[in-house]
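Subject: The structure we talked about

Hi there,

Here is the structure I promised to pass on to you. Have a look at it first, and then read on for my notes.

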Amino acid sequence: MKNKVLKKALVLMMCGALAVPAAGMAQPMVAHATAGTPAVQAEPTGGAGAGVTTGKEKTPAEQLADAKKNALDQLADYYDALKDSVSADKKADFDKAKKDAETVISNMRTSEQVTAYLAKATAKLDTFVSSADTGDTTPDTTPTTTNNNIMVGGNWVTPVANAGQQVNVVLPVVNMGRTRVKNVVVTPAISEDAAKWPFEIETSNYSQTIDRLPGTDDGGTDMERRRELTWTLKTRKDAPSGYMPISFNVTFENDDKSLSNVTLTSYVKVVGTTGISADGKSSTPRVIVTGFSTDPETVHAGDTFTLTLHMQNTSKATAVKNMVFDIQAASESTDTTYVAASFLPTAGSSTVFVDKIAAGANKDISIELEARSDLAQKPYVINVKMDYEDENVNAYENTASVSIPVRQEARIDTSSIEVTPQSIEVGGEANVSFSLYNIGKTKLYNASVKFVADSVTGGDTYLGNIDPGATGSVDAYLTGAAATTDDGKVKIQITFEDESGEATTIEKEMELYVTEMMNYDDGMTDDGMYDDGSQSQGGFKIWYVLIPLVIVIAVVAAFLIIRKKKAKKAAALLEADDLDDLEDVDLGDDTEETDDAADTSEDGKEKE
């Protein structure tokens, strides 16, 4: 594109005779000026053909012929410079625009007209070049006319019309014909369509008149002959943004009393509101769900909660009204014979009515729902169907969705807890066993069991994941760490996680006593003295062993003493030859005497 621009500049420089317009001729706005600040060509000085040196001054007819020739040459060069950038589907129209321009230039009656029209013709050719090729997206805003004589005057700048604000629209009119015209009536083309007339219609008559428009024969420059008309207009709030053509119908009286009509078209740059397309059609106002909240914040299966939806009208130009929101939960069930909505409205109706949401505004709507008790722990979809109208009673529909996470209360139970033995010494072990039942509707993740007490250590058990209805078995061994100083309660902490990783701990209790370890020794005290039984070691009384031992020794001693006495008596009788008395001595029958001795010892124990 850069090369094309250079070529265009080179062509215009080479055609010096036509590059300088007639004295005072107003130049139209450059076609691709920066948006809002159209560039205006500097007003040249000098007459037609200024800067051209000739042997003798040319007549007006010769000057007109030269102007036409130079204009046609420049138009051809400009055409050649752009034709490679025109897409195939626009080629025919591009060629036609060139031919039409050549026809108009050939029928021009003054060199001033030729000069003015050339800029318009080249600007027209520019419009066929793709913006992707040129890098320029600004539309052609060159004023146009349907008459070769009455046209929009020079130094015309595109006004900027901001939505909801007033703007002065100035129309400079100049007569490029030789003869004057009078009783000129200029009337803007009013329309209710914002794409054709972006202003509020505040009066029934917008016509303005000009007594007369001098022609070139009346003398004076184009700027001196120009007349300006001004309209103060208020831009509509719903006007579409962009460059918009404004048409003016011009009626005037010629010298021969005949009437002529011409249409002048200029442009305004409208800075409108969003939501309106370039052709003036309102875009569909979108109402969306920007978020939601629940009360309570966590929804459990079987609970009643309030759902609040945060709605927004994304249109910056159009308010919406008569809104009906139908809030329906998706239906699903694990039971194929029974399928129902996940959430049911407590009031029986699932619709909410909202009178109006202004353009760009937000609105909250609420509904009370009940979650089914048999829902699994997961998110459930709620569909929000919306029916509403815009300010022009156009109907619209839209649908949005939100997902509500539902939690199931985890429920567990345990079998009876078996502890074997129920009392251990320090350093000893006890076995603890029981079953863990998942009686809820949600899966337990990373289930584990821990035993907590000052008197025991160990026993930690990892069970892993437990499905609903499944059982986990605990078979742990606890080691006595210290003697029990309380009621012997040991806490059982059962911990598990839900699907979101949130941990829950449930506590149970069991009894296990721990005693000090027993210490058995030989009955000697630390100072070497014999313990008389009043000493105790580890709670064990030594005399519990010594007393029975003494009794046994006493019985044996008595038996031996009696037997010895009988033997001595028998020996004495034998030596005296007293056989009769010897028969009365029974050496083997000492049981009675021994029993008597034992009884005597038992009596001594009782007395003791």
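Below is what I found, taken topic by topic.

Please keep in mind that this is a predicted model.

If you want a place to look, find Val 152, whose bridge partner in β4 is Val 173.

**Arg 225 and its surroundings**

Val 173 turns up again among the contacts of Arg 225, so here is that residue in some detail, given that its 3% relative accessibility makes it count as buried. Arg 225 sits in helix α7. Which backbone oxygens does the side chain of Arg 225 reach? One belongs to Asn 175, at 3.2 Å. Another is that of Gly 220, which lies 3.0 Å from a polar atom of the Arg 225 side chain. Setting aside neighbours within four places in sequence, Arg 225 also has contacts that include Val 174, Met 176, Leu 213, Pro 214 and Thr 216.

**Salt bridges**

The count of salt bridges comes to 15. Here are some that I looked at one by one.

- Lys 91 and Asp 95 form a salt bridge, with 3.2 Å between the closest N and O atoms. Both residues belong to helix α4 (residues 91-106) and are four residues apart, about one turn of the helix. An α-helix has 3.6 residues a turn, so residues three or four places apart point the same way. Lys 91 is partly exposed at 28% relative accessibility, and Asp 95 is partly exposed as well, at 22%.
- Asp 217 and Arg 178 meet through their side chains in a salt bridge of 3.4 Å, N to O. Asp 217 is in the loop between β6 (208-213) and α7 (222-225), while Arg 178 is in the loop between β4 and β5 (181-188), so this pair ties together parts that are 39 residues apart in sequence. Arg 178 counts as exposed, at 55% relative accessibility.
- Lys 257 and Glu 253 are joined by a salt bridge between their side chains (3.7 Å, N to O).
- Arg 407, Asp 498 and Glu 502 are linked in a network of salt bridges.

Next comes helix α5 (residues 111-126). This helix of 16 residues reaches 23 Å from its first C-alpha to its last, close to the 22 Å expected at 1.5 Å a residue. How many of the 16 residues in α5 are buried? The number is twelve, and α5 is therefore mostly covered, taking buried to mean under 20% relative accessible area.

Strand β10 (residues 287-295) is joined to β12 (residues 304-313) by eight bridges, and the two run antiparallel. In this pairing, Ile 288 stands opposite Gln 312 of β12. On to the next pair: β12 and β16 (residues 362-371) are antiparallel too, over nine bridges. Two positions to look up there are Thr 308, whose bridge partner in β16 is Ser 366, and Leu 307, which is partnered by Ile 367. Strand β16 also pairs with β14 (residues 343-345), in the antiparallel sense and over three bridges. In that pairing, Pro 345 has Leu 369 of β16 as its bridge partner.

That is everything from my side. Happy browsing!

Best wishes

Terms used:
Residues are numbered from 1 along each chain as its sequence is written. This is a predicted model: local features need pLDDT of at least 70, side-chain atom pairs count only at pLDDT 80 or more; totals for chains, interfaces and linings use all residues. Side-chain values use heavy atoms; hydrogens and water are left out. Two strands pair if DSSP finds at least two bridges between them. A salt bridge is a side-chain nitrogen of Lys or Arg within 4 Å of a carboxyl oxygen of Asp or Glu. Buried means under 20% relative accessible area, exposed over 50%, partly exposed in between (1.4 Å probe, protein chains only). The expected span of a helix is 1.5 Å times one less than its number of residues. A polar contact is a pair of N or O atoms within 3.5 Å; within protein, one must be able to donate a hydrogen and the other to accept it, and residues adjacent in sequence count only if both atoms are side-chain atoms. Contact means heavy atoms within 4.5 Å.
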